[in-house]
Amino acid sequence: MLNTPTNPMYPATEINELLERMSHTGFQGRKLGESYHIWKEMIETPGVKIILGLSGAMIPAGMQECLIQLVERRYVDAVVSTGANIFHDICEHLGVRHYKGTHLTNDEELYRNGIDRIYDVFAVEKEFQNVEHYIGDFGASLRDARLSSRAFLRLLGEKIADERPEGRSLLAACAKHNVPVHVPALADSAIGIGLVTAYRRGAKLVIDQIADASELAEFVEQAEKTGVIYLGGGTPKNFIQQTEVIPPLEGETYIGGHSYAIQYTTDAPHWGGLSGCTFEEAVSWGKELPEAKKLQCFCDVTIALPLVVSALIAAGVVRR
């Protein structure tokens with residue numbers, strides 16, 4: 001019990017060295033440092049497929065370039081996201097910006113001026129509506145196609161990259177690097193709102209969310225090992241977790257869970273919700289291997305993600 005003492009936390013000039021030192025301290029600082037070690041091992045271990053779960057308002061909060069770097073450097077192999085994050089990502093690619101605001105404001109006044117608020121970030125409602133119409137028109141152009149959200153978003157990512165090559169987005173990067181993007185609750189987002197406009201104009205496009213579940217399960221089944229990284233929790237977390245319980249229903253060999261798991265969340269487990277659910281609890285469902293390297297860091301993602309991604313890059317971590 002007393003073999004490893006903590007180390008004094010001396011400041012560091014290199015971010016990877018900072019997280020290395022933090023991993024020898026205590027509390028959530030140690031968890032953040034240890035998460036860097038586990039993520040680095042995931043990347044450097046051959047045969048591990050890494051799936052990123054993305055919830056919260058990460059794009060409005062300025063996390064877009066960190067996420068793009070994860071894709072371009074092949075630090076992740078698949079993305080499961082809320083529709084909102086991908087919508088805001090598309091907005092940024094098309095030149096629709098999010099602005100530094102304040103939570104100390106009059107929201108009625110914001111409404112009268114057509115300004116939407118995401119905590120301390122502002123956006124222009126009319127510009128959002130223009131992007132919703134853009135997505136609706138694209139959906140209508142696909143006529144009576146039946147596509148998983150992954151297939152639909154691949155086409156949409158290619159479209160925005162072709163029309164606005166100067167733009168930057170997670171979706172376009174994923175399309176370029178062949179990283180699948182699944183949005184299991186597509187209708188629950190501004191992307192869904194845009195497609196509603198196409199639907200009401202008679203478009204017959206069908207987004208097949210069951211196909212999404214099957215495709216991601218197949219992605220996991222074909223991997224030697226899988227690692228998962230959750231930024232927040234929510235629907236993306238459960239959608240990824242359930243890939244481990246689908247094969248037994250078809251008589252397939254029981255996979256038994258992911259081999260690596262990291263989550264950054266501000267939710268607590270004692271409320272019974274999935275976003276705070278511990279990986280130890282997930283072991284009881286067969287969603288994580290009992291021997292998996294698993295860690296949850298209770299920290300705001302907008303603090304954790306830039307630090308860990310910067311540390312991975314600073315350490316020169318390369319995907320084989």
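Is Phe87 buried or exposed, and at what relative accessibility? Phe87 counts as buried because its relative accessibility is 2%, where buried means under 20% relative accessible area, exposed over 50% and partly exposed in between, with a 1.4 Å probe and protein chains only.

## Basis of the description

This is a predicted model, in which local features need pLDDT of at least 70 and side-chain atom pairs count only at pLDDT 80 or more, while totals for chains, interfaces and linings use all residues. Residues are numbered from 1 along each chain as its sequence is written, and side-chain values use heavy atoms, with hydrogens and water left out.

## Aromatic pairs

Rings of Phe, Tyr and Trp (the six-membered ring for Trp) pair if their centres lie within 6.5 Å; planes under 30 degrees apart count as stacked, over 60 as edge-to-face and the rest as tilted. The count by this rule comes to 3 aromatic pairs. One of them joins Phe87 and Phe128 edge-to-face, at 5.5 Å centre to centre and with 75° between the planes. Phe128 is buried, with a relative accessible area of 6%.

Phe138 and Phe152 form a tilted pair, 5.7 Å centre to centre with 40° between the planes. Phe138 lies in helix α6 and Phe152 in helix α7, so this pair ties together parts that are 14 residues apart in sequence. Both Phe138 and Phe152 are buried.

## Nonpolar cores

A nonpolar core is a set of buried Ala, Val, Leu, Ile, Met, Phe, Trp, Tyr and Cys residues joined through side-chain atoms within 4.5 Å. The largest has 70 residues, and Trp39, Phe152 and Tyr264 touch the most other members. Helix α13 (residues 301–314) supplies the largest share of this core, 7 residues. Another core, of 13 residues, lies apart from it and includes Val220, Tyr230, Ala261 and Phe279.

Contact means heavy atoms within 4.5 Å. Leaving aside neighbours within four places in sequence, Trp39 is in contact with residues including Leu70, Ile229, Tyr264 and Leu312.

## Helix α10

Helix α10 (residues 209–221) has 13 residues and reaches 18 Å from its first C-alpha to its last. This is close to the expected 18 Å, a span defined as 1.5 Å times one less than the number of residues. At the start of α10, a side-chain oxygen of Asp208 comes to within 3.1 Å of the backbone nitrogen of Ile210.

The buried residues of α10 include Ala213, Leu216, Phe219 and Val220. Among the elements that cover the buried residues of this helix are β1 (48–54), α7 (149–163), β9 (225–231) and α11 (234–241).

## Individual sites

Ser259 is located in strand β10 (residues 258–265) and is buried, with a relative accessible area of 14%. Not counting residues up to four places away in sequence, Ser259 touches Lys225, Thr226, Leu289, Ala292 and Lys293.

Gly56 lies in the loop between β1 and α3 (64–72) and counts as partly exposed, at 45% relative accessibility. Gly56 and Gly232 are 176 residues apart in sequence and 6.4 Å apart in space, C-alpha to C-alpha.

Key. Helices (H or I, at least four residues) and strands (E, at least two) are DSSP runs, numbered from the N terminus. A polar contact is a pair of N or O atoms within 3.5 Å; within protein, one must be able to donate a hydrogen and the other to accept it, and residues adjacent in sequence count only if both atoms are side-chain atoms.
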